[in-house]
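Hi there,

Have a look first, and then read on for what turned up.

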Amino acid sequence: MIPLREAHLPNLLVPIDIQDGLPTAPSLFALSEGRRVAHTAGVTVFAVVMTDRHLDDALAAQLGRAGADKVLACEGPGLGAPPLDLTHGPALYAAVERIPPLLVLFPAGGAGPQLGPGLASRLGGAFAASADLELGEALTPLADGVGRVFVRRWRADRTSYRRLDPVELERPVVAILPAGGAPADHGSGAVDVEVITCVPPAKVGVVELASEVDDLAAAALAPILIVVDPAVGEGALARLSAAAPAGVTVVDAVAGAPAIATAVPRVVIAVGARGTVISGTPRSRVGAVLAAGPARPGKTPADVLLRVAEGDATKATIDDLCASLAALAGAGQPS
Amino acid sequence: MNIVVCLHAPPPDPDGTGLGRDDTHALAQGLALADATDGKMVALLAGTSHESGPLQRALVAGASRAVRLGGEDYASVDFHTLGQALASGIKRIGADLVLAGARSDDEGLGAVPAAAARNLGFAYIARVEELAAAGPRAVEVVVRGGGRKRRLRVDLPAVLSIVGATRALPPPSDRTGNPSEVELMTLNDPETTVVRRRTELLGKPEPASRGTEEVASAAALVTALARR
């Protein structure tokens, strides 16, 4: 466990997810969120890149423009592969030992579920599987150079929030931020890069046997997600998919369950009885389209609820929803 | 192969199955793997006697044993403490492989299996979709991440968190077991007790102020969601 004194250094770390050589949109958004609070909170925003090759200057500049003050490149064999605690945990732990964090903010749809819980356990810190980054009402620093910055997440039953403030907790906080659309480029492309050379673990204990493109990757990264219960009827998924504008991802509630479990969208629409298990973050908006029947509003974690009769009424509602989706295109942007 | 499946008591739900969704998958995967390897599967839960329903379900489904960690109010501890307590129980039971539902802790965090792995010194892999034996000391798993869907061979011992699979597994079948045979295990590990006294549920609860707005059309639903 990192000593308390060091843990309160005002560093905000964003582990960057790289896919096809580029940072994911949620990674850039997470940096942008860090930049948003950096001045008031007095934090330094670090982008942490785990890579098996020398970090490209253009990529570092992109991270700087998205909000990073500095880039910490953890370079070592195998770190270009999709992250696992077994293979990437030691590199991440080397990063937090070099730069003790106040907050570690994983982007949505990436390494957070694999690496976040283990990191929080190692740091003795708090963990939020989907949270918003917030600034406190009081701007007075609570410690030298540290303002009030915290994350807020739903409690599981969505009846209340839980506020995780690293200063109050006297522990670092590890959280996964939502996918929030395009980042605001408020940073600078001129960014310092510090390199940590990582030696691979002597015995990893895991071997890759096969690998294929994840057909559900887009759903995990989506800022706006429509989850369709297959019980709604054949054609609903196809019609909604065809009507979805850029930035809106439509997924089958059953076939897409693994990606839905990882997704942290800003806006969710659950069509049918399944899918309302996604509650997102406190700032997410959840809509539910439910067929008539034994619906229980008290158990529906929806901000907006539409009840429809079965049969033709459901089909007409799907058509109406298809025609309305264009209005959602900008709704994933943070306010 | 000795398998321990960590279960959690879900909130009371008259229409529920008495098991968390991911716990159901973890239990089904554990039973299938025990069958395939001529091994044993032990169900483990930290909680009160009133919360032992999932253990009774596990026994009915075919678990070799069902063990309840008792003696403390585990509802008011954080994932660090719960993970440490489960690890202490697992050490006493003995396990090559530990399975847990990915989002089946109180707050849906998925952090308890990681904390248990850390306390056990086991490898940890999150959000496993598929699981199969790969010899006496390894398993094959399917996980997603980094834009890839990968099949991996993982050496044991390991802790795996299980997420609802693409191919839905059937619920555990009613086979054997006596629901009254839930064993009680109390922890007297001084180290665990010290940590339990030092920790508390992390974070400050705040009331939520949002309600549910009912609308009459899909267009109104989209408009309401787009309005921020």
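**What was found**

Please keep in mind that this is a predicted model.

Let's begin with chain B. Its 228 residues include 54% that are buried, and the chain holds six helices and twelve strands. Among the contacts in chain B with a separation of 6 or more, 72% are between residues 24 or more positions apart.

Next, the place where the two chains meet. Chain A brings 71 residues to this contact and chain B brings 60 residues. On the chain B side, the elements that each supply at least two residues include helix H3 (79-93), strand S7 (138-145), strand S8 (148-155) and helix H6 (218-226). Sorted by class, that side of chain B has 27 nonpolar, 20 charged and 13 polar residues.

S11(B) runs antiparallel to strand S10 (residues 160-164) of chain A, and four bridges join them. Within this pairing you can find Pro205(B) of S11(B) opposite Arg162(A).

Finally, chain A itself. It is divided into domain 1 (4-197) and domain 2 (217-328). Where these touch, domain 1 of chain A contributes 20 residues and domain 2 of chain A contributes 17 residues. On the domain 1 side, helix H2 (25-41) and strand S9 (149-154) of chain A each supply at least two residues, and S9(A) gives the most, with three residues. By class, the domain 1 side has eleven nonpolar, five polar and four charged residues.

Enjoy exploring!

Best wishes

Terms used:
Residues are numbered from 1 along each chain as its sequence is written. Chains are lettered from A and ligands numbered from 1 in the order in which they are written. This is a predicted model: local features need pLDDT of at least 70, side-chain atom pairs count only at pLDDT 80 or more; totals for chains, interfaces and linings use all residues. A residue is buried if 20 or more other C-beta atoms lie within 10 Å of its own, exposed if 12 or fewer, and partly exposed in between; C-beta atoms are placed from the backbone. Two residues are in contact if their C-beta atoms, placed from the backbone, lie within 7 Å. Ala, Val, Leu, Ile, Met, Phe, Trp, Tyr, Cys and Pro count as nonpolar, Asp, Glu, Lys and Arg as charged, and the others, Gly among them, as polar. Two strands pair if DSSP finds at least two bridges between them. Domain bounds come from an automatic or database domain assignment.
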